[in-house]
Amino acid sequence: MNEEIKKYIKEGEIFIEPNNELLQYSGRINYNADGEPELIYACSSVKWHFRGSASAIIVSSKKYYWNVYAGAIVDANQMTVRLADDGMQRIELGEKISTDHIITFFKRQDACNTLTIHGIVLSADSELTECPEKPARRIEVYGDSVSAGEVSEAVFCIAQPDPEGHEGCYSNSWYSYSWILARNLKAQLHNNAQGGIALMPGTGWFSGPDFVGLEQTYDKIKYYPDLENATKWDFSKYIPHVVIVAVGQNDANPVNFMKDDYDSEKSLEWREHYKNFLLTLREKYPKALIICSTTILNHDAAWDRAIDEVVAGLKDEKITHFLYRLNGIGTPGHIRIPEAEMMAIELQRYIEGFGEDIWKD
């Protein structure tokens, strides 16, 4: 423990190192030069179970854009914490709470910030105990801001454009359709979604003006703002049973080529890249059910037509195309909590239609 961390620990308190085996991490976790876990992706989390009266977490935040927020579930109660743009701080996560409880500290937002876990603090009367075992089912999501839960808490703007100047305060991955789906299905989740991202470099809205695409980030851990030196992800660490690929909405920027000319050179190129991306996932996950989709966020139906054509051409029974009831016509703004719940239920029913065998290793 370094001297800076000691400043945040009170006399008599118990300090838990961030690599303690009783702490349960979820998501693609990066480790810095000191071996401390970094939460990068939306829905990434650390969970701990303890007996005692109080707990806190020592964390550093690094802002890249938008304000920095973190979330926590203390037993059944959710809390939101506004963090400093840069630097270390202590976050109190409940005092005089029940004797036996569980806390989940999680990433509300995507790579617009990084959260580094320096350790957990327990009151002197506390004892760290084992967390409930992770679910056996595993889901992985590749998508954009909708899959990450961006602006999901702006429930006063259901089926409307986003509120101006929100600066990330309404973004909450807990309420993304991705995490709602995982909870409904009692499954683990790696949510690799990134706001603004499209499939190919040079398109979409993420990391302009050159724009970074999913083809460049899907195999990375910490990819922003230094993509060139990003660490590669070891796919053997997490083998999903179900993979959701939800891109094809941001791809219309700066030119909506699929709508303008479905058979143009650029449109044909996109479909070839989409096919190759699916084949890459199939190579990494030979048994997984791969579900291709967009969302109910307004977009031209030509993109769904393109996805359908690619999927049909692959002739792989476990690579499928799913359309929501309001696909592409549901809202001009981001998906709010009730809309995300609706999407999650539709997708859940679709997945359950494949039977229990899809969850077998």
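1. Contact here means heavy atoms within 4.5 Å. By that rule, Y223 touches I40, Y41, A111, A193, Q194, F206, T217 and A230, leaving aside residues up to four places away in sequence. The model is a predicted one. Y223 sits in the loop between α4 (214-217) and β15.

2. Now the overall build. The chain holds eight helices and 17 strands. Its radius of gyration is 21 Å, close to the 21 Å given by the globule rule for 361 residues, so the chain is as compact as a globular protein of that length. The C-alpha atoms fill a box of roughly 70 × 45 × 40 Å along the principal axes.

3. Burial and contact range come next. Of the 361 residues in the chain, 58% are buried. Take the contacts between residues at least 6 apart in sequence: 76% of them join residues at least 24 apart.

4. The chain carries 36 positive and 54 negative charges. The mean positions of the two sets are 3 Å apart.

5. Nonpolar side chains tend to be buried together in soluble globular proteins. The largest nonpolar core in this model has 42 residues. Which members touch the most other members? They are Y142, V245, W270, Y274 and L278. At least two core residues come from each of β15 (242-246), α5 (257-260), α6 (265-284), β16 (289-292) and α7 (302-314). The helix α7 gives the most, with seven residues.

6. Y274 touches L199, V245, V247, C292, S293, I307 and V310. One of these partners, V245, is also among the core members that touch the most others. A second core is separate and has 35 residues, including I73, V141, I351 and I358.

7. Check α3 (177-184). Six of its eight residues are buried, so this helix is largely enclosed by the rest of the structure. The buried ones are Y177, S178, W179, I180, L181 and A182. What do they pack against? The partners are β10 (100-107), β13 (137-143), α2, β14, β15 and α8 (337-352). Just after α3, K186 takes a positive phi of about 55°.

8. Two further residues need a look at the backbone. Most residues other than glycine have a negative phi, and most peptide bonds are trans. E167 is not a glycine, yet its phi is positive, near 50°. E167 is found in the loop between α2 (145-148) and α3. It counts as partly exposed, at 35% relative accessibility. S207 is also not a glycine and has a positive phi of about 60°. S207 is in the loop between β14 and α4. At 25% relative accessibility, S207 counts as partly exposed.

9. Where are the cis peptide bonds to check? One runs from G208 to P209, with omega near 10°. P209 is found in the loop between β14 (187-191) and α4. Another joins N253 and P254, with omega about 5°. P254 is found in the loop between β15 and α5.

10. Last, a strand residue. T116 lies in β11 (residues 113-122). T116 is buried, with a relative accessible area of 9%. Its contacts, not counting residues up to four places away in sequence, are N32, E36, P37, E38, I58, V59 and S60.

Technical notes. Residues numbered from 1 in each chain as written. Predicted model: local features only at pLDDT ≥ 70, side-chain atom pairs only at ≥ 80, totals over all residues. Heavy atoms only, no water. Core = buried A, V, L, I, M, F, W, Y, C linked by side-chain atoms within 4.5 Å. Buried < 20%, exposed > 50% of the residue type's maximum accessible area, 1.4 Å probe, protein only. Helix = DSSP H or I, 4+ residues; strand = E, 2+ residues; numbered from the N terminus. Rg over C-alpha atoms; globule rule 2.2 N^0.38 Å. Lys, Arg positive; Asp, Glu negative; His and termini not counted. Charge placed at Lys NZ, Arg CZ, Asp CG, Glu CD.
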